[in-house]
Amino acid sequence: MTIDSLKEFGANVDEGLERCMGMEDFYLEMIELGISDERFEMLGTALESGNMEESFEIVHALKGVIGNLALSPLYNTICEITEHLRAKEQIDYKVLYDRLMSQRKQIMEM
Amino acid sequence: MALNVLRTLDIEAKHEKDFRRTILIVDDEPINLRILGNILVAEYDIAYAQTGEEAMEEIRNQKGFLSLVLLDLYMPKGNGFMVLDSIRQDESLSKIPIIVLTSDKSAEVDCLRRGAVDFLSKPYDNPEVIRARIARAIELSIDRNIIVETGVDVLTGLMTKEYFFQYCREYDKFHPEKEMDAIVLNVSKFHLINELYGRVFGDRILQGVADGVRSASRSCGGVACRYSGDCFYIYIEHQINYDFLTRMVQEKLFEISETNDIRVRVGVYSDIYRSSNLEQRFDRAMTACNSIGRSNAADMVALYDNHMHEKEIYEAKLLVDIDRAVSESQFNVVFQPKYDIRGDEPRLCSAEVLVRWKHPEYGFVRPDFFIPLFEENGRIKDLDRYVWHEAAKQVRRWKDMYGVSIPVSVNVSRVDIFDPDLLDYLKKTLDDNALAPDDLCLEITETAYTDSVTQIIEVVNNLRNAGFKVEMDDFGKGYSSLNMLTSLPIDALKLDMAFIKDIAENNKEMSMVEFILQIARFLGVPVIAEGVESSEQYLLLKKAGCDIIQGYYFSKPVSSSEFGRLIERNLLDEKEPEALEQVEASEQE
């Protein structure tokens with residue numbers, strides 16, 4: 001994973017780096033930590049079982065972490081899921097969840 | 001805080017140079033903790049907690065050292081709301097400012113109500129913004145804590161006077177339409193409570209008064225402070241009647257003392273148009289409060305009225321005019337003749353000098369009005385010296401005109417006694433007029449003796465050693481103990497007028513006068529009775545053995561020329577051989 005590959009992915013690297021006081025290594029370390037969060041998997045299980053409340057709690061917590069890493073595409077998907085869940089909308093969350101996981105995978109494979 | 005840069009607390013300088021402050025970051029997400037810690041670590045020492053419970057433990061352990069808490073809301077084991085509530089409920093922690101970290105706008109109002117001072121949104125803002133907000137929150141909290149510490153009177157919990165005045169000024173600024181009353185309340189004879197029952201009880205009384213004052217002022221949306229000692233200031237919306245205030249305070253006092261003996265006095269100044277500034281309004285309330293007699297239990301609330309206002313203006317004008325009065329000779333002296341009644345016929349023997357002030361605008365100003373005013377203001381010394389000088393000049397003139405020595409008595413005020421220059425000035429006054437010390441008798445009021453007995457004895461001894469005769473004026477008005485009388489250096493006792501007023505054959509007042517005459521005889525000093533107005537009084541006093549008398553019965557105070565005529569008449573009387581013998585006999589005494 002490099003700053004350039006993050007840029008390519010669409011991350012707002014300038015914002016992320018500023019938040020990390022310009023320290024690239026620190027920024028990348030935080031991203032690795034964030035992206036390997038097991039709550040990504042937990043969210044899948046919760047959505048699959050139709051537990052909206054638990055799903056909301058998990059995605060809301062992820063939002064609080066991933067937001068600070070400035071991984072815009074990933075963050076935007078998380079926000080989208082969060083708002084649907086907040087409104088308790090009965091939609092097909094699988095599409096959104098698959099997008100989320102593929103974005104995450106993209107970052108992990110950098 | 002203060003507007004002036006020089007008076008502003010220099011928190012930043014302290015912050016950068018003196019020591020590092022400690023901030024606690026509370027968040028269950030390690031990434032957030034680390035990012036925020038990384039932003040702040042250059043300026044602050046950082047402590048971390050990941051649950052509400054951990055946070056409370058850290059806060060309690062470090063409460064004296066924590067400058068700020070950054071608090072996430074949603075965490076396991078005790079969320080942020082729990083932390084906010086716990087801190088707010090614990091007085092020892094409630095001074096620590098808390099900034100809430102949240103992405104949830106809807107929670108902000110709730111957090112403010114629970115005591116948060118600010119928010120940082122998630123995702124985090126620019127680090128510079130975060131640091132500036134944190135620095136500002138800490139600075140404001142220090143200012144606030146200092147204000148709280150210094151703005152509260154430790155004994156009573158009321159505001160301090162500085163905080164009170166600042167608060168009232170702010171109030172006025174934003175409520176210009178409100179009709180406000182300035183109120184001063186104090187405890188009648190509070191010094192006696194402290195003396196008789198001790199300071200601890202005195203403090204309890206003050207706390208009781210404060211409780212009453214607080215409840216009363218809060219009931220009308222007002223505020224109160226302890227201004228000093230037993231004096232309280234209240235600023236309150238205009239009320240028709242202040243009985244509720246005295247009642248509430250008296251009830252508290254009764255709870256503590258179980259008597260109704262401790263009374264409060266209340267002075268009220270209503271200024272619905274705010275024509276004068278805050279300090280002036282409270283000064284006037286104070287004037288009204290002081291107008292209530294200390295022992296008068298009937299009416300304990302006084303309103304500042306036009307009469308008081310006019311009196312104050314009058315007093316202030318008189319004080320301003322004193323220099324001009326001296327330079328323009330508005331003061332003049334008159335002489336109250338004194339008669340020696342020991343012989344068969346009363347004989348003019350001396351005079352008391354009295355001062356009169358003819359003000360160009362107000363006419364004659366009463367001496368019992370302007371003399372206390374000058375005493376209070378310290379200008380009495382100038383006036384006394386003027387009188388001594390005029391008196392000495394006149395004694396010289398009578399010596400030259402009639403060839404007789406008529407000694408005159410002059411007043412020596414309390415402030416003169418402590419003037420190291422007193423004896424020299426008196427001697428110079430005599431020298432200027434080629435007089436001897438026995439030409440000028442010095443009257444010192446009894447209350448001056450009782451106020452400061454040891455110092456005064458020394459001064460009076462020096463005056464007497466220099467040849468001056470010292471009379472104790474207004475004897476009986478103060479509280480001389482009989483024991484003290486024997487050790488006092490005096491040459492005559494002057495009975496206070498009040499003793500003479502109601503004397504009659506065999507009544508209580510007369511017995512008292514006879515008793516005092518006996519004391520004087522025991523001390524070997526003559527007694528001078530003043531205020532003698534009738535022949536009955538004269539005869540009773542003569543029969544009882546009084547030595548000298550002054551008062552309207554013989555003569556009112558007269559001008560120097562009229563007094564000259566009295567001397568002439570006296571000289572004519574003395575030419576009769578019998579009278580002459582008496583004079584010689586008494587001179588030999």
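**View 1. The largest pocket, with a volume of about 1300 Å³.** A pocket here is an open set of points, on a 1 Å grid over the protein atoms alone, where a 1.4 Å probe fits, with protein on both sides within 12 Å along at least five of seven lines; its volume is the space filled by probe spheres set on the points. Of its 41 lining residues (those with an atom within 4 Å of a point), B:Glu352, B:Leu354, B:Asp474, B:Met497 and B:Glu530 are the closest to the centre. Elements giving two or more residues to the lining include strand 12 (347-359), helix 14 (380-402), strand 16 (469-475) and helix 20 (497-501) of chain B. By class, the lining has 17 nonpolar, 9 polar and 15 charged residues. Nonpolar means Ala, Val, Leu, Ile, Met, Phe, Trp, Tyr, Cys and Pro, charged means Asp, Glu, Lys and Arg, and the others, Gly among them, are polar.

This is a predicted model, in which local features need pLDDT of at least 70 and side-chain atom pairs count only at pLDDT 80 or more, while totals for chains, interfaces and linings use all residues. Residues are numbered from 1 along each chain, chains are lettered from A, and side-chain values use heavy atoms, without hydrogens and water.

**View 2. Helix 4 (residues 39-48) and helix 5 (residues 52-66) of chain A pack at about 155°.** Their axes, lines fitted to C-alpha atoms over the stretch in contact, are 9 Å apart. The angle (on a scale from 0 to 180 degrees between N-to-C directions) makes the two helices roughly antiparallel, a word used for angles over 145 degrees. Helices are DSSP runs (H or I, at least four residues), and strands are E runs of at least two. The contact residues divide into 11 nonpolar, 1 polar and 2 charged.

**View 3. Helix 11 (residues 278-290) and helix 12 (residues 306-327) of chain B cross at roughly 105°.** Their axes come within 11 Å, and the helices are roughly perpendicular, the word for 65 to 115 degrees. B:Arg284, B:Thr287 and B:Ala288 of helix 11 meet B:Met308, B:His309 and B:Glu312 of helix 12.

**View 4. A cis peptide bond joins B:Lys122 to B:Pro123.** Its omega is near -10°. Look for B:Pro123 in the loop between strand 5 (118-121) and helix 6 (127-151) of chain B.

Technical notes. Parallel < 35°, antiparallel > 145°, perpendicular 65-115°, else oblique. Contact = heavy atoms within 4.5 Å.
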